[in-house]
Each structure stands twice: as structure tokens, then as C-alpha cells.
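Me: I'd like to learn how to read a protein structure, feature by feature. Could you walk me through this one?

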Amino acid sequence: MTTKAAGQTLRPARRSSWHRKASLPVTVWFVLLVVLAFAHPFVPESRWLLVHMFTLGMVTNSILVWSQHFTEALLKNRLPDTARAMQLWRIRTLNAGIVVTIAGILSGIWLLTLIGAVVVGGSVAWHAVHLMLQLRRALPSRFATTVKFYIAAALLLPDGAAFGAALAYGLNDAAHARLLLAHQVTNLLGFVGLTVIGTLITLWPTILHTRMPAGMDLAGWRSLVAMGAGLAVSVLGALAGLAPAAAIGVLLYLAGVAYIGVYFIRCALAKRPDDFPGFSVGAGLLWLGGSLIALFAMLVSGPLDPHRLEELTAPFAAGFVAQVLLGVMGYLMPAVMGGGPAAVKAAGAQMSKFAMLRIAVVNFGLLLCVLPVPSWVRVIVSVLVLLAFASFLPLMFRAVKASVAGRKALAANGGKPLPLQVGAAPRPKNHLAWGAAGVILVLLGAAGGVALDPAALSGSTAPASAVEPTGETTTVRVSANNMRFSPASVDVPEGNRLVIELTNEDPTTVHDLRLATGQESGRLYPGESATLDAGIIGTDTEGWCTVVGHRSQGMVFQIKVTGSAEAGSAADAGIAAQVPADGHANHMNNDDGTGVAADVLDFHAPPGQDFEPRAAELAPAAPRSTHQLTLNVEELAQEVAPGIVQQAWTFNGRVMGPTLRGKVGDRFEITLVNNGTMGHSVDFHAGAVSPDEPMRTIPPGESLVYEFTAERSGIWLYHCGTMPMSAHIASGLFGAVIIDPADLPAVDKEFLLVQSEAYLGEQAGPVNVDKIAADDPDIVMFNGHATQYMHHPLKVKAGERLRIWLLAAGPSRGTSFHVVGGQFDTVFKEGAYLLEPDNAERGGAQALDLAAAQGGFVELGFAEAGRYTFVNHAFVDAERGATGVIEVAD
């Protein structure tokens with residue numbers, strides 16, 4: 001690079017192997033990015049990974065490499081080679097942090113995400129400190145302002161990384177919107193934006209081969225002050241949830257960009273761009289200005305909304321950041337590779353091949369993609385844009401080849417400079433023609449998208465040739481609440497137009513509805529409504545809420561096509577797909593109760609009207625030495641989740657048999673009666689007996705007596721021991737025996753929670769043994785019914801001391817029991833105290849971990865009234881139903 005200013009020439013640091021080694025991660029991330037990018041139009045879920053591989057991987061590495069390069073060039077203080085090793089370690093540490101961060105979010109392990117964010121933020125902060133030291137040691141320089149841009153930018157990234165880690169932890173919608181805006185402003189406008197503007201103060205005139213206008217260096221400093229102030233106001237406004245304040249910050253930032261932008265325009269007027277670096281950087285700056293104006297308008301016109309903010313991702317990331325980055329690299333790489341003027345010119349010519357064609361495809365294609373075009377148009381045009389971006393990679397290799405050839409020719413010439421024309425490749429001169437060709441190419445792609453889905457132009461959900469419009473309209477009123485659409489499906493006659501009147505009746509949460517055909521309602525805050533025109537219906541179509549996590553929680557909507565227009569008359573009257581009087585919409589696939597039960601699981605619905613919750617409160621052990629119980633095995637239909645019926649195998653008529661309680665030394669006499677249709681048995685873990693006789697399987701109609709003496713304290717599992725045991729336990733044949741430890745202190749209340757799993761097949765059908773073998777439960781529940789204690793909480797009073805006995809019945813999964821807002825001062829597990837209340841250091845526990853067939857108890861109290869949720873803290877199982885509430889009254 002050579003920067004001309006006031007007759008001076010500032011030359012960059014001499015080329016070294018450090019540039020090649022440090023730039024390797026940039027190339028690796030670029031290749032990975034290109035591979036993923038081509039899959040992205042067809043796999044929308046890859047969007048997050050695509051954006052972060054680009055910004056975290058490619059952009060952050062580029063900034064660390066090239067800001068160091070420019071700092072040395074502008075301050076004229078090339079570092080000794082001995083300092084390069086530390087710089088390389090910093091870059092390696094950064095990339096390790098990036099990989100850990102991405103792995104953490106993809107796996108859902110927040111601790112990994114946090115560690116990765118700390119490593120990334122620390123690496124960039126380390127880089128900032130290193131730049132500060134270089135600036136402090138350097139002689140006064142006219143171009144020190146650029147280095148100050150770099151330092152300010154690098155100091156912002158740790159904050160942006162912290163915001164990102166907080167977002168990954170999981171927040172409510174309002175907090176998510178605030179932190180998302182703070183995260184994007186800090187990283188995109190702060191870290192990336194300041195770096196870009198600081199670099200272009202010196203590099204933009206160099207790319208255009210013109211002089212820096214007088215006063216541009218001082219204007220850069222003033223611009224930095226304005227942009228920094230705007231960033232501070234925007235981030236604070238975002239965190240406070242004040243969209244107007246954030247908008248004022250964006251306006252200040254935009255003013256700073258506009259102030260230095262006047263000088264950028266003067267440079268362009270003095271020497272118009274004539275190659276790929278100039279075109280690409282110039283286009284990127286235009287996208288920056290347009291995106292900032294759009295962001296300002298968005299913040300002024302409405303509330304903070306993650307969905308609206310995400311609409312600016314493509315303009316910022318692809319339009320601004322990607323184009324500036326590739327333009328800068330397209331200029332710097334030939335210069336850094338060196339080999340003499342001829343080699344630099346030849347490599348630059350390779351980087352600028354088909355420059356205006358590529359620029360036109362990228363920019364016109366991006367413009368189409370941000371407009372509301374049909375989905376197939378967006379897919380095809382996106383591929384064309386990606387191809388234009390990806391062309392940088394082979395051209396880069398061609399540039400390297402040209403540079404190597406030039407260096408060899410220079411060496412063969414005894415080190416004397418070669419004539420400039422040697423090795424030089426001609427540049428395309430007719431930029432207008434190449435630009436027109438790029439626009440035509442994008443238009444042809446858009447036309448191809450329309451040809452694939454012509455009905456999309458009119459909002460139809462099926463090709464016009466396949467559906468004859470009836471001229472009638474089906475209108476349905478749909479509400480969004482409690483992670484469900486109600487009704488969850490609607491029948492529409494083929495050829496009818498469907499209009500959905502959507503209302504968000506959720507008192508706290510934002511929702512929306514997006515159809516697979518592309519129509520969407522937009523985000524609706526509590527109480528808001530919107531009308532969604534689904535177009536002419538010709539095929540079954542799915543819809544869902546796009547808020548993160550809502551679709552996976554079951555917030556989906558089905559449009560089902562019927563064969564005649566008459567079938568839609570009820571829907572036209574606004575009563576289509578009415579919810580039954582019991583409030584349970586779509587609990588069964590068919591009217592006769594058959595169908596796949598797992599397909600209609602709704603953990604947010606209340607239990608059925610006839611369901612009686614299992615009493616979890618325990619009575620003290622009976623003061624007798626012999627306990628007698630008859631266990632009747634029956635095969636009955638049982639509700640195991642709201643609206644989900646399973647053909648259960650039960651002890652005494654319920655999933656999870658009766659609870660026995662005694663003391664060490666007590667005698668238990670159990671009579672097993674098999675009233676089922678197959679062989680069954682019973683195995684009491686509380687007894688130490690030979691299994692041959694008492695645990696044998698008995699056929700239907702027979703009985704046996706099982707006797708044992710309790711020799712050790714604890715909570716013990718009993719279950720059917722007939723093979724396959726996993727199926728018998730999963731069908732409901734299990735229960736608990738509690739043997740009190742000696743001197744067990746009295747408490748105000750005791751409860752029992754036994755966790756088990758359900759593997760669903762057909763509605764009202766038997767257990768699904770294939771799911772058992774795959775360890776893929778549909779439901780994880782306490783005391784035989786998912787979420788029963790969400791609707792029928794355990795009740796205690798503030799100040800009362802309670803003991804909760806826990807048992808993991810399985811058949812396969814354990815638990816990590818936790819009470820939100822509570823701490824355990826006593827923990828008893830598998831016959832021994834892990835924590836006692838008289839602990840001198842007042843230790844506490846947050847969870848009791850139990851493997852399958854293990855048990856124990858915890859003790860705690862609540863100082864304040866409230867609703868305290870208890871969960872299996874293996875949250876995938878909590879979200880399958882292993883949750884409930886302790887209701888504490890004053």
C-alpha cells in the first residue's frame with residue numbers, strides 16, 4: 001500500500017511470512033462460509049451460523065490482521081520478527097474462542113458459549129492494548145487518528161461479546177430485543193464500522209490513486225468523536241428499552257459518517273473508481289448509509305423488535321461489511337504479496353476481472369432480496385449473489401499465481417524492476433456494459449423464480465395452473481396464546497382465498513404467524529391484531545411462530561385443503577375449526593381417538609376434565625411393624641399428559657402404584673394379583689431376597705405373595721420385573737417404598753415426586769418399544785402425569801419447612817431436581833446425607849442428581865410467598881413435562 005498525502009509517501013511494513021500465517025484463518029473461514037452459504041437459501045435455520053461465521057470468523061480475523069498491518073505502516077514502526085509469535089498466538093486464541101462460541105450455541109451448552117465469548121473478547125482487548133503501546137511508543141504522526149479508530153473499535157468488541165453471551169443464555173422477548181440491538185450496534189457499528197471508517201481515511205484515497213484532501217485527517221478525528229458518542233447513546237438507549245434514545249444515537253453516528261463521507265466523495269470526484277476494490281468499497285459505503293437511515297427510521301417508527309432488526313442483517317453484513325472487506329482485501333493482497341510494480345499490477349488485474357459484472361450482481365441482487373419478492377425468486381437471486389461473492393476466492397488464487405510469477409521474473413532479472421506491462425492483464429474498460437450484463441443476469445434469475453412459482457406473484461399457495469379459484473373467501477379468526485394457536489388448524493375448500501385474522505391474546509409474550517409459502521403477519525405485541533392474506537389455497541400448508549423457541553414448543557398452525565366450497569361455509573361465518581367446549585383443540589388426530597399421540601402433545605394445555613391429580617403430600621410412617629398391601633395389575637387407558645391417553649399397565653388402577661412407607665426393621669407382605677392379559681411380576685428394591693420365587697412372572701388370573709424385611713433406609717423403587725422390563729415400567733408398573741432414616745426430624749410437610757418416562761405410540765395405544773430402544777421419550781413426568789402440578793400446585797405456607805422425597809423410576813432416564821428460587825439445606829441421597837442442616841459453614845445445594853432407580857430427599861423452606869417452579873434441570877426433560885409449581889402462601 002502507498003498512501004499519498006501532501007507530497008509524502010507512507011509505505012507499509014515490509015512483506016513477511018507473518019502476513020501469510022496470520023491471514024490463513026481468514027481464508028479458512030471464507031471457504032467454510034462459501035460452502036455453508038450455498039446451502040443457506042434451502043436451509044433457513046443456517047442463517048445464524050452463516051452470519052456469525054462471517055462476522056466472528058472472517059471479519060474479526062481480518063480486522064486483527066489488517067489493523068496491525070496499517071498501524072505499523074502509518075506509525076512507521078515495524079515490529080521486530082520476535083514480536084510476531086505473540087501476535088500469531090493472539091490470532092490462534094481468537095479462533096479457538098470463535099469455535100467454542102459457535103459450538104456452545106449449536107449444542108445449547110451456555111457455559112461453552114460464555115467461555116468462547118470471554119476468549120474472543122479477551123483476544124481483541126489484548127489486541128487493543130497492543131495497539132495502544134505501539135501508538136504510545138511511536139513518533140507523532142498525522143495518521144495516528146486511524147490507529148485511534150482501531151483502538152476504540154477493539155475495546156468495544158468485549159462488550160458486544162458479553163451481550164451476545166447474554167442473548168445465548170435465553171431471555172424474555174423484551175430483554176432479547178434490547179440486548180439484540182445493543183449487540184448489533186456494538187459489534188457492527190462499533191467494532192466493524194469504526195475499523196472500516198478509520199481504515200478508509202487513509203486507504204480510500206490510495207485505492208483511487210489520488211491525494212488525500214486537505215483536512216481529511218482532522219475530519220477523521222471529529223468523525224470518531226461523533227460516531228463514538230452516537231454508539232454510547234444507542235447502546236444505552238437499547239439497554240434501557242428506549243427506542244427513541246437509540247434512534248438519536250444512530251443519528252449521531254450517521255452524522256459522524258456523513259462528516260467524513262464528504263471527504264470520501266471528494267476523493268471519488270477527483271478520481272473515479274476504475275477497478276474492483278474501488279467499486280466494491282464505494283458500494284459498501286452506500287449500503288452503510290442506507291442501512292443507517294433504515295435503522296433510524298425503524299427505531300423512530302416502532303418498538304424494539306428482534307424480527308424487524310434482523311431484516312437489516314443482509315444490508316449491513318452483505319451490503320456493507322462484505323463488500324468493503326473484499327474490496328480492501330482485493331487492493332491490499334497484491335500490494336502485500338509484492339514482487340515489484342509489475343507483479344502488483346498483474347495480481348491486481350486478476351482481482352479486478354469482471355469487476356462491474358460482480359458488483360452489479362451483488363448489489364442489484366441484494367436490493368431484490370430485501371424487497372418482498374416470492375420465495376423462489378429470493379432463492380435463485382441469493383445463489384447468484386453468493387456466486388458473485390464466491391468468485392473472489394478463485395480470483396484470489398489467480399492473483400497469488402500472478403504475484404509468484406512476477407517475483408520469479410524479478411529474480412530472473414537480477415532484482416531489477418520489470419517494465420509495468422510485463423505480466424499485466426488488461427482490465428475491462430466498458431464498465432457500463434458489464435454492469436448492464438449483471439443486472440440482466442439477476443433479472444433472468446428472478447424471472448426463473450417466478451416461472452417456478454407463478455402464483456406467488458398473486459399470493460397463491462399453489463401454482464395457478466393447478467388450482468381453479470372459486471371466487472370465495474374463507475375467513476378464520478385465530479388467537480395466539482400460551483405457546484399455541486387456537487384453533488391450531490383450519491379446513492379450507494380448494495380454490496378459496498384464505499384470510500386469517502390473528503390476535504395475540506398472550507398477556508406477556510410477542511408472537512407472529514408465518515406460512516411456509518412466505519406470507520407473515522409481522523410481530524404482534526400483547527393485544528395487537530393483524531390480518532394475513534394467505535392467498536388462493538391449493539395444497540396443505542404449515543405455519544408457525546418465528547419467535548426463537550416458539551415453534552419447537554409446538555406453536556404451529558395447519559391449513560388443510562378440502563374438496564368442496566360448501567365445506568367452507570362455516571369458516572366464512574367466522575366459526576371454522578372451533579375449539580371444543582372442553583378447551584382441548586386437536587388433542588386427537590381423528591374423531592375416533594386414533595392417530596399418533598405424540599403429534600398432538602400440548603404441555604401448555606390443562607389436564608382433562610375427568611383427570612384427578614395424584615396427591616403428592618405424604619403421611620408419616622404408620623406406627624406398626626408389619627405392612628400389608630395388595631397390588632392389582634390392570635391394563636387401563638390412562639391420561640399421561642393433557643389430552644394424551646396411553647394404554648397403561650397399572651398397579652391398583654393408576655400409572656405409578658401406591659406408596660409404601662415404614663421404618664428399618666418393618667415387615668412388608670405384598671400380594672400381587674395379575675388381572676391383566678399377559679404375564680406380570682414385581683421387584684421390590686427395598687427387600688434383599690432371592691428373586692427366584694417372589695419375583696417370578698405370573699400369568700393372568702394368578703397371584704403370589706412377596707415378603708421382605710426393610711433392613712436399610714432410603715427411598716426404594718419397585719416395578720414389574722417381566723421382560724422387557726423397560727416396556728413394563730414405561731407403561732406404568734412402578735412405585736416407591738420409603739424407609740425412614742433413624743431419627744428423621746419432623747417437618748411441616750412432606751411430598752413425594754417420582755419421575756418416569758412415556759414413549760407414545762397411537763393415541764390410546766400401547767407403549768412404543770422402538771422409542772424406548774432409541775431412548776427417545778415423548779414425556780418425562782412426575783407421579784404419572786406431565787405438568788399436573790403446574791395446574792394443581794403443591795401448597796405450603798411461608799416459613800414452613802418441607803421435605804421432598806424424590807425417585808427416578810426411569811425406565812432409562814435420571815433427574816437433576818431443582819426448585820427455582822429455592823436452596824436445599826439438607827440433601828439425602830441413596831441412604832446417606834450429602835448435606836445436613838447443622839452444617840457450620842451454612843453450605844447449600846441447588847440440585848439433587850439421581851440416576852435411574854436412585855432416590856433421596858431434599859429439605860428447604862420459603863421465606864416469601866410466591867409460585868416456585870420445580871424442574872428436572874436437564875431442561876430437555878423439563879420441556880417434556882418434568883416440571884411443576886410449589887405455591888407458597890403467606
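Reply: Happy to! Keep in mind that this is a predicted model. Let's begin with the lining of the largest cavity, whose residues divide into 12 nonpolar, four polar and no charged.

Me: How many residues line that largest cavity, and which lie nearest its centre?

Reply: The lining has 16 residues, and those nearest the centre are Ile63, Thr195, Val196, Leu325 and Val328. Two or more lining residues come from each of α2 (47-75), α6 (173-207) and α11 (313-337). Of the elements, α2 gives the most, with six residues.

Me: What is the volume of the largest cavity?

Reply: Its volume is about 210 Å³.

Me: Which elements supply at least two residues each to the lining of the second largest cavity?

Reply: They are α9 (276-301), α11, α13 (355-369) and α14 (375-390). Here α13 gives the most, with three residues. Among the lining residues are Phe276, Gln323, Arg358, Ala388 and Phe389. By type, the lining of this second largest cavity divides into seven nonpolar, three polar and one charged.

Me: Let's look at α14 itself. How far apart are its end C-alpha atoms?

Reply: They are 22 Å apart. At 1.5 Å a residue, the 16 residues of α14 should span 22 Å, so the two values agree.

Me: And how do I think about the directions in which residues of a helix point?

Reply: The general idea is that an α-helix has 3.6 residues a turn, so residues three or four places apart point the same way. Now for the case here: the buried residues of α14 include Val377, Val381, Leu384, Val385, Ala388 and Phe389. Ala388 and Phe389 also belong to the lining of the second largest cavity.

Me: Now for sheets. How do strands pair?

Reply: In general, strands of a sheet pair through backbone hydrogen bonds, either parallel or antiparallel. In this model, four strands form an open sheet in the order β13-β18-β17-β15, with mixed pairing.

Me: Which are the edge strands of that sheet?

Reply: They are β13 (660-663) and β15 (683-684), since each pairs on one side only.

Me: In which sense do β13 and β18 pair, parallel or antiparallel?

Reply: β13 and β18 (residues 734-740) pair in the parallel sense, over four bridges. To find this pairing on screen, look for Arg661, which stands opposite Ile738 in β18.

Conventions: Residues are numbered from 1 along each chain as its sequence is written. This is a predicted model: local features need pLDDT of at least 70, side-chain atom pairs count only at pLDDT 80 or more; totals for chains, interfaces and linings use all residues. Side-chain values use heavy atoms; hydrogens and water are left out. On a 1 Å grid over the protein atoms alone, a cavity is a set of points where a 1.4 Å probe fits but cannot get out, and a pocket is an open set with protein on both sides within 12 Å along at least five of seven lines; lining residues have an atom within 4 Å of a point. Grid points are joined across faces, edges and corners, and a volume is the space filled by probe spheres set on the points. Ala, Val, Leu, Ile, Met, Phe, Trp, Tyr, Cys and Pro count as nonpolar, Asp, Glu, Lys and Arg as charged, and the others, Gly among them, as polar. Two strands pair if DSSP finds at least two bridges between them. The expected span of a helix is 1.5 Å times one less than its number of residues. Buried means under 20% relative accessible area, exposed over 50%, partly exposed in between (1.4 Å probe, protein chains only).
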